[in-house]
Structures are given as structure tokens and as C-alpha cells.
Amino acid sequence: MKTRLLKKALCVVLAVAVVAVGIPFSAIAATAETVSFGILSDTHYYAESAMGKTAEDKAEFNEMMLMNNSTTGLAPVLTDAALANLAKKAKNGEIDFLLLPGDLTRNAEYAAHKELTEKLHKFEEETGIPVYVINGNHDINNNRSMTYDGEELIDSKNNPELRDELDTSPEEFEALYKEFGYSSEGGYYSRYKEKAENSEGSLSYATDINDDYRLIALDTQLYSADNTDSGTDDQETGGRMSEEHLAWAVAETEKAVADGKTVLGLVHTNLIPHFETEVDILDQFVLFGWEKVADALAKAGMHYVVSGHTHMQDVA
């Protein structure tokens, strides 16, 4: 019963995989401007520059990935196709914003983040559509980041001396995605932590995206020693929020409502289950302590959330 009540309170929680869709939010508030969102989640982008130097290298890399049932080698093509579809929708006036709720890269490869941000900059320039992101569990402090030199796969787990070169830190993530949520230019802007750092929730932010809507992006990922079960700065799959982090999110939601804004949450880990047994069989995919968090945010006025992580398309 409690689960059903929380789902009703949150109203709309979208869990999406790699999709290029337009989501109309005309039902959010009768007095608010109608807007539509393109959502591109869990791209798990892998850099073409990390597939080797030659066309032959890239073909060999893709073959290795496919032999392991992985489409990693196709990531650039798939992402380009999704962005092209979204650009077409933007040209037709079908979307107003593009949201990326995490797992932007395969395993936090810096080269992948760099290439993806270049594509997002190009998308913004060509369409005029603002882009907002939040990190996922694959995007920061991942000791499985890798590259291919044409002869062998080189990963940061077996080559820790290369981790700083291959991997992406919270500070680097913030710098790369500065124009996609981490800039305070114009309008309301707030951060849970003053700047990105190896600490819980450091990439959470709140910002006005237009006169009627405030986006609250929640960094619930485990990548810092103060938040991981291992007590290290190595990423883990699940997600959680500290009491202080939740208090910030609740306060930001209440302030947004008081300012007359409709609140939209952006988070990677699901805030509520998207099927009956998700908590039992995929406990790392629903926020730890989700009932308390969802209840607090719903009561504060956050009734709409876009999430990723589960690689499925669902509205709960």
C-alpha cells in the first residue's frame, strides 16, 4: 500500500534507456507553460579515439566487443543517430529541452566524456535546445576505464598508474559539462556542494530552465570514500542520499514551489521501483532508503522525476 501511495504522490517518474523521445509535460501544471523534453539516457558512450589509431584497429575493437555481447564499439554511431533524431524533433518544435539522466559513458573514460560533450555542444549550437545532465554510476571514479592501442585492451584496474589519464574525477566531470547544468549564468542557481569534489552529492544542482520550471538534478551516486560501502574512491552501482543531501533537496524543492515553479527532478538511480520485484532482484537500481527520500521530496512538491539506470522505458 505504501508503495502505491508514494507512486501516486510522485505522479510521474520516468525510467528510460537509450531513447530519443519527446515527452510533453502539458499536464504538469495548468498555469505553467507547456514544455516537451527529449530524454537520452544510459548512452554508455565510448570514444572512437579510444578504439585504436586505424580503421583496422577500430574494426578489430568492435569485433572484440561484439564477441563479448557488447555494443560498445557502436556507441558513437548509436549516439549520433539518437542526437540526429532529437535534432529533427527540435526542428519540428517537438522538444524544448534535452535531459541526460546519467551513465553517459561506458566506464568513466575521460576521452568518452570529452567526445560526448563535443557532440552535445554541436547539438545545442545547431538546434538552440538547452541540454542538462547528471552523472550516473558509470561516469566517475571508475577503475574499469579502458582504451585500445591496436594490440591490447588497457584498463585502469590492471594499470593503476594510468588511472588519472583514463578515468574521470568529479572535478573533471564538472569542468567538461559546465555548459550543461554546471554554470550559474542567468536565472536561479544553487549547488549542494560549492564545487565538485570527492564527496557525496557534490554534483547536485538546482536551476531555472525557464520562467515556470526549476530542474533539481540529484547526484546520488557512490564514488567517494565518504559514501561507498568499500570506503574507497571507487564507484559502486547503487545510489543513496545522506540526511544533509536530502535536506538540501527538500529545501530547494520547497523554495521552488514558493517561487511559483513546477519542479522536475533529474537523477540516475530510480527514486521508486518500476516493477513489483525491482527492490528484491535489482536492489542496486532503486535508491537505498527510497521510501523516505521519495516521500520527503513528494511532500515538498517534487512530483515529476526523470531517471535512468534500469535500461528500460517506463512511467511509474
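How many of the 316 residues of the chain count as buried? The share is 56%, where buried means under 20% relative accessible area, exposed over 50% and partly exposed in between, with a 1.4 Å probe and protein chains only.

This is a predicted model, in which local features need pLDDT of at least 70 and side-chain atom pairs count only at pLDDT 80 or more, while totals for chains, interfaces and linings use all residues. Residues are numbered from 1 along each chain as its sequence is written, and side-chain values use heavy atoms, with hydrogens and water left out.

**Overall architecture**

The chain contains nine helices and 15 strands; these are DSSP runs numbered from the N terminus, helices being H or I with at least four residues and strands E with at least two. Of the contacts between residues at least 6 apart in sequence, 73% join residues at least 24 apart, a contact being heavy atoms within 4.5 Å.

**Aromatic pairs**

Ten aromatic pairs occur in the structure. Rings of Phe, Tyr and Trp (its six-membered ring) pair if their centres lie within 6.5 Å; planes under 30 degrees apart count as stacked, over 60 as edge-to-face and the rest as tilted. Two of the pairs are set out below.

| Pair | Centre distance | Plane angle | Class |
|---|---|---|---|
| Phe-37 and Phe-97 | 5.6 Å | 25° | stacked |
| Phe-97 and Tyr-132 | 6.4 Å | 45° | tilted |

The stacked pair links distant parts of the chain, with Phe-37 in strand β3 (residues 36-39) and Phe-97 in strand β4 (residues 97-101), 60 residues apart. Phe-37 has a relative accessible area of 0% and is therefore buried; Phe-97, at 6%, also counts as buried. The tilted pair joins Phe-97 in strand β4 to Tyr-132 in strand β5 (residues 131-134), 35 residues apart. Tyr-132 is buried, as is Phe-97.

Elsewhere, ring pairs link Phe-173, Tyr-177, Phe-180, Tyr-182, Tyr-189 and Tyr-205 into a cluster. A charged group also meets a ring: the charged end of Arg-214 sits over the ring of Tyr-188, 3.9 Å from its centre. This description requires NZ of Lys or CZ of Arg within 6 Å of the ring centre and within 35 degrees of the ring normal.

**Helix α9**

Helix α9 covers residues 290-300, and its buried residues are Trp-290, Val-293, Ala-294, Leu-297, Ala-298 and Ala-300. These residues lie on the same side of α9, because they cover an arc of only 160° around the axis, the arc being that of the directions from the helix axis to the C-beta atoms. Gly-301 follows α9 and has a positive phi, near 125°.
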